[in-house]
Amino acid sequence: MENLSLQDDIPANEPRKQRKKKVLLMGKSGSGKSSMRSIIFSNYVAKDTRRLGATIDVDLSHVKFLGNLTLNLWDCGGQDAFMENYLSQQRQHVFSNVGVLIYVFDIESRDFDRDLLTYRSIIGALSQFSSTASVYILIHKMDLVVPTKREDIYNDRVDQVQAKSDAFEITPFATSIWDQSLYKAWAEIIHDLVPNLDQIEKHLGSLGKIISAEEILLFERSSFLVVSSWTSTIGGMNPTTDRFERLSNIVKTFKQSTSRYTGTPKSAEQFCHFELKMKNFSLFIVKFTTNTYLLVALPPGETRFNSALENVKIARKEFEDLDSPAKKGADRGATCTAANEA
Ligand SMILES: Nc1nc2c(ncn2[C@@H]2O[C@H](COP(=O)(O)OP(=O)(O)OP(=O)(O)O)[C@@H](O)[C@H]2O)c(=O)[nH]1
Ligand SMILES: [Mg+2]
């Protein structure tokens, strides 16, 4: 098998500027904002979220990301007094320079009309200060609705929310922390946020063909969500359509257990190499670039496996340039600093 050379398409080591995105996570108190943030970025499992207290004012965290991107995540406590404050005294501070608004609706809410009124006010402030922001709507806690009614209730809620969204084109998701749906929604949100993803995707395709893979998944390391993928024709016949979200879920749970039994912090890397060799397929997951892990699924065969592993090592350098060519150091990556904004 040949080695990978992607050099031609990549701008020669040009310094990539640091990008920042302000992400507002809003919705009424108890709707599940801090729960999802902890699951996605801090390696909590769903049941850990029962311990979370209500967020006081704004919980701000900075997440270093693929593509030299830093997410400034504003988890805005949803109690009425805080919401009023964001809309009045802190209006400009909260709503200016927003890249993304993620608004969470609790499906179980007893007063959806009131939730809509609050949302309407938030949209008003957003159009005033950040009219180009993207808006994602999560209709959350879907596990609390009987499966037969989920689709109707979800569609009805989405229609009502769209009607109150002014000129914003909303992207809606039905989510729950108790299944894969949360990972699917956040993977799509993050996919939209990461710069250079089209280039990364193109190169994943070249790599996949060279190593004769069935599928390649690129995981963002702080969230372990699949932000990019390539699938061969055979890989595309896989009947498990939600396998990306399932794999995120499985690996995150594995990392959680590892941390519990080794006493290492949850935010630590936990593993750098994982291999699975089965009768009908083989698979490895390796730490790839500063901010990513790579999963490669292959047909069985020791030679193919070893060759793919070597080629992935060679490709690493080229992808690193697309990820974050700036400084490299032990402090980079999934560090999540939280501080309360006064
Ligand atoms: N059944 C169910 N419960 C959920 C889900 N997501 C979160 N919860 C629960 O909802 C409760 C409140 O969640 P939080 O994440 O603290 O709510 P919040 O939106 O951050 O609330 P504030 O910080 O007050 O704005 C927790 O007990 C969670 O376990 C879900 O998808 N389904
Ligand atoms: Mg909270």
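Ser-248 touches Tyr-183, Phe-224, Leu-225 and Val-226, leaving aside residues up to four places away in sequence; two residues are in contact if their C-beta atoms, placed from the backbone, lie within 7 Å. Ser-248 sits in helix α8. Helices here are DSSP runs of H or I with at least four residues, strands are runs of E with at least two, and both are numbered from the N terminus. Is Ser-248 buried or exposed? It counts as buried, because it has 24 C-beta neighbours inside 10 Å. The cut-offs go like this: 20 or more other C-beta atoms within 10 Å of a residue's own make it buried, 12 or fewer make it exposed, and anything in between is partly exposed, with C-beta atoms placed from the backbone.

Before going on, a word about what you're looking at. This is a predicted model, in which local features need pLDDT of at least 70, side-chain atom pairs count only at pLDDT 80 or more, and totals for chains, interfaces and linings use all residues. Residues are numbered from 1 along each chain as its sequence is written, while chains are lettered from A and ligands numbered from 1 in the order in which they are written.

Now step back to the protein chain. It has nine helices and twelve strands. Of its 342 residues, 38% are buried. Take the contacts with a separation of 6 or more: 72% of them join residues 24 or more positions apart.

Back to α8, the helix of Ser-248. Its 20 residues should span 28 Å at 1.5 Å a residue, and its end C-alpha atoms are 28 Å apart, so the two agree; the expected span is 1.5 Å times one less than the number of residues. Which residues of α8 are buried? They are Phe-244, Glu-245, Leu-247, Ser-248 and Lys-252. These residues lie on the same side of α8 because they cover an arc of only 160° around the axis, the arc being that of the directions from the helix axis to the C-beta atoms. Here's a handy rule: an α-helix has 3.6 residues a turn, so residues three or four places apart point the same way. The face turned away from the buried side carries the exposed residues Ile-250, Ser-257, Arg-260 and Tyr-261. What covers the buried residues includes α6, β7 (215–220), β8 (225–231) and β11 (292–298). After α8 comes Gly-263, with a positive phi near 75°.

Let's look at α6 (residues 181–193), which packs with α8 (residues 243–262) at an angle of about 105°, their axes 9 Å apart. Axes are lines fitted to C-alpha atoms, for helices over the stretch in contact, and angles run from 0 to 180 degrees between N-to-C directions. That angle makes α6 roughly perpendicular to α8; under 35 degrees is roughly parallel, over 145 roughly antiparallel, 65 to 115 roughly perpendicular, and the rest oblique. Tyr-183, Lys-184 and Ala-187 in α6 meet Phe-244, Glu-245, Ser-248 and Asn-249 in α8. The contact residues divide into three nonpolar, two polar and two charged, where Ala, Val, Leu, Ile, Met, Phe, Trp, Tyr, Cys and Pro count as nonpolar, Asp, Glu, Lys and Arg as charged, and the others, Gly among them, as polar.

Helix α1 (residues 33–41) also packs against α6: its buried residues meet α6 along with β1 (19–27), β2 (58–65), β3 (69–76) and β4 (98–106). How many of the nine residues of α1 are buried? Nine of the nine, and Ile-40 is among them. Next after α1 is Asn-43, with a positive phi near 55°.

Another helix pair is α7 (residues 197–210) and α9 (residues 302–323), which pack at about 170° with their axes 11 Å apart. That makes α7 roughly antiparallel to α9. On the α7 side the contact includes Gln-199 and Leu-207, and on the α9 side Ala-315 and Phe-319. In this contact there are six nonpolar residues, three polar and one charged.

Finally, two loops. Most residues other than glycine have a negative phi. Ser-212, in the loop between α7 and β7, has a positive phi of about 55°. Asp-166, in the loop between α5 (147–163) and β6 (170–175), has a positive phi near 50°. Ser-212 is partly exposed, because 15 other C-beta atoms lie within 10 Å, whereas Asp-166 is exposed, with 12.
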